[in-house]
Amino acid sequence: MEILYHSTRNNEKKLTASQAVLQGLAEDGGLFVPDELPKLDVELNKLKDMDYRGVAYEVMKLFLTDYTEEELKYCIDHAYDSKFDTEEIAPLTYADGAYYLELFHGATIAFKDMALSILPYLMTTAAKKNGCKEEIVILTATSGDTGKAALAGFADVPGTRIMVFYPKHGVSPVQEKQMVTQRGANVRVVGITGNFDDAQTGVKQMFNDAALKAELKEKGFVFSSANSINIGRLVPQVVYYVYSYLNLLKNGKIAEGEQINVCVPTGNFGNILAAYFAKQLGIPIDKLICASNTNKVLFDFFTTGTYDKLHSMDDQSHEFSGDRKFMLTGSPSMDILISSNLERLIYLIAGGDDAKDKALMADLSEKGAYTITDEMKAKLTDFVGGYADEARCAEFIKGLYDETGYIIDPHTAVAGAVYENYCKDTNDTKACVVASTASPYKFARTVMTAIDEANASKDDFALIDILCEKSGVAIPQAIEDIRSAAVLHDIVCETEEMPAQVKKFLGL
Ligand SMILES: *Cc1c(COP(=O)(O)O)cnc(C)c1O
């Protein structure tokens, strides 16, 4: 069955999967959704002995129907290879009542690698299929993590170049070191003197600059973006939820057809939406537990049906009585007030009503808030919202370590703590997969301070060594690289100079 894609804000205009991957975002500002959510066409028992690549093919072929078998397998084989430090790609670790789905075994030891290692191949294949002759130039503004994962994904991929702008004084020393040591003949990393918003605005302006785009086209280049609303990032994320279910089945932890729950530390709502798509495929998932940190806009939404980026809900009265402040937390990749991918869920629970979706999104940008109808809210029963503050996360990291010796990162701890609360509230005893989205090594300071406050005074590399000793987990290559790798990128520019830097990089 051929699946076509259209914008959440316009049901009429249809694109093939490869066209949607190339375009990223719809022209009307909406997100691409499939006309129909596919269903798995094989029994789970038949899939359970496949490796990650095999499962990836069975899942992705259902969504990316205009890619041939050969094309899709080429993309999958180049993405999920020895860049990952385990054959399993996404292993499950059981600790204290939950199955942690470790999504951090790729090049940058965080879950963005799961999608960004395949996106470059999906894109270059899409370019070929659609007769696009230009070299693809990925422009990204980053507040830290996405930039590195995109660099690692696109480095040395033929037919692509990647340029990342980051706020020179707005990322952590580790994040900066990760980016400026990036190898690859087609990569460039530039610090800007402004903040993240300046970098983001600068990139958006270049995407909308017709004269610049024309000049690029003439020289054989075309801009594209690798951000998390691309279906080429969403679809690969469905795979590991299917794979984790198969893993539980294969190892006799669940019986065929038995339902599990899934708990996901959420920011932009991409990862948990992928779990929802896995459920629609036919994977027996009951509850999708959406875990937030102190930036609990999604918890407030699932509780009330109102998404409000300006005001926060009082947990007792459910009134939106407080100002919502953007909070910096120990789980920075979840510090988000506008979860872009939620729009896809809004569209689906609106029964595919594009006008309704458009109106709600207009409310969000004009008034800072929207409220869904009761009918829509009734379709959200698959989801449970929860949140955990900083103290609770620290306590959870320490508790899990003391109990089991297993050490998790602060994002995963948000999900672990929310899942623990959920179990207490509901007595639900189903097996639960908790998405573990980063290696604790990436956030050694937060993690080791949670385990022992005396660690707060030690330096970052000392903490990494202590983490290694305590967890018994080898230090990942990505961390060793930071210790020893040479700085290869040292350009810093003013925000206004960003287009000039792009031209310089492309030799225009
Ligand atoms: C991006 C990220 C998240 C949030 O994922 P979304 O798909 O944006 O909800 C959680 N944890 C880590 C470590 C991340 O990098």
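Modeller: This is a predicted model. Three cavities of 30 Å³ or more are counted in it.

Biologist: What makes a space a cavity?

Modeller: A 1.4 Å probe fits there but cannot get out, and therefore the space is called a cavity rather than a pocket. The largest cavity holds about 60 Å³.

Biologist: Which residues line the largest cavity?

Modeller: Lys-83, Phe-84, Gly-106, Ala-107, Asp-113, Leu-116, Ser-117, Ala-149, Ala-152 and Gly-153. A residue counts as lining if it has an atom within 4 Å of a cavity point.

Biologist: Which helices supply at least two residues each to that lining?

Modeller: Helix H5 (112-116) and helix H7 (145-154) do. H7 gives the most, with three residues.

Biologist: How do the lining residues divide into nonpolar, polar and charged?

Modeller: Five are nonpolar, three polar and two charged. Asp and Lys count as charged, so Asp-113 and Lys-83 belong to that group.

Biologist: What makes a set of residues a nonpolar core?

Modeller: The residues must be buried, of the listed nonpolar kinds, and joined through side-chain atoms within 4.5 Å. The largest such core has 112 residues, and those with the most contacts inside it are Phe-63 and Leu-64. Helix H11 (residues 231-250) gives the most to this core, with 13 residues. A second, separate core has 40 residues, including Ala-98, Val-414, Tyr-422 and Ile-451.

Biologist: Which residues does Leu-64 touch?

Modeller: Leaving aside residues up to four places away in sequence, Leu-64 touches Tyr-5, Ala-17, Leu-72, Leu-122, Ile-231 and Val-235. To count as a contact, heavy atoms must lie within 4.5 Å.

Biologist: Why is Asp-96 called partly exposed?

Modeller: Its relative accessible area is 46%. Buried means under 20% and exposed means over 50%, so Asp-96 falls in between and is partly exposed. Asp-96 is in the loop between strand E4 (92-95) and strand E5 (98-102).

Biologist: What is the phi of Asp-96?

Modeller: Phi of Asp-96 is near 50°, a positive value in a residue other than glycine. Most residues other than glycine have a negative phi.

Biologist: Where does His-318 lie?

Modeller: His-318 is in the loop between strand E13 (311-312) and strand E14 (322-323). His-318 has a positive phi too, of about 60°, and is not a glycine.

Biologist: Is His-318 buried, exposed or partly exposed?

Modeller: The relative accessible area of His-318 is 39%, between the cut-offs of 20% and 50%, so His-318 is partly exposed.

Conventions
Residues are numbered from 1 along each chain as its sequence is written. This is a predicted model: local features need pLDDT of at least 70, side-chain atom pairs count only at pLDDT 80 or more; totals for chains, interfaces and linings use all residues. Side-chain values use heavy atoms; hydrogens and water are left out. On a 1 Å grid over the protein atoms alone, a cavity is a set of points where a 1.4 Å probe fits but cannot get out, and a pocket is an open set with protein on both sides within 12 Å along at least five of seven lines; lining residues have an atom within 4 Å of a point. Grid points are joined across faces, edges and corners, and a volume is the space filled by probe spheres set on the points. Helices (H or I, at least four residues) and strands (E, at least two) are DSSP runs, numbered from the N terminus. Buried means under 20% relative accessible area, exposed over 50%, partly exposed in between (1.4 Å probe, protein chains only).
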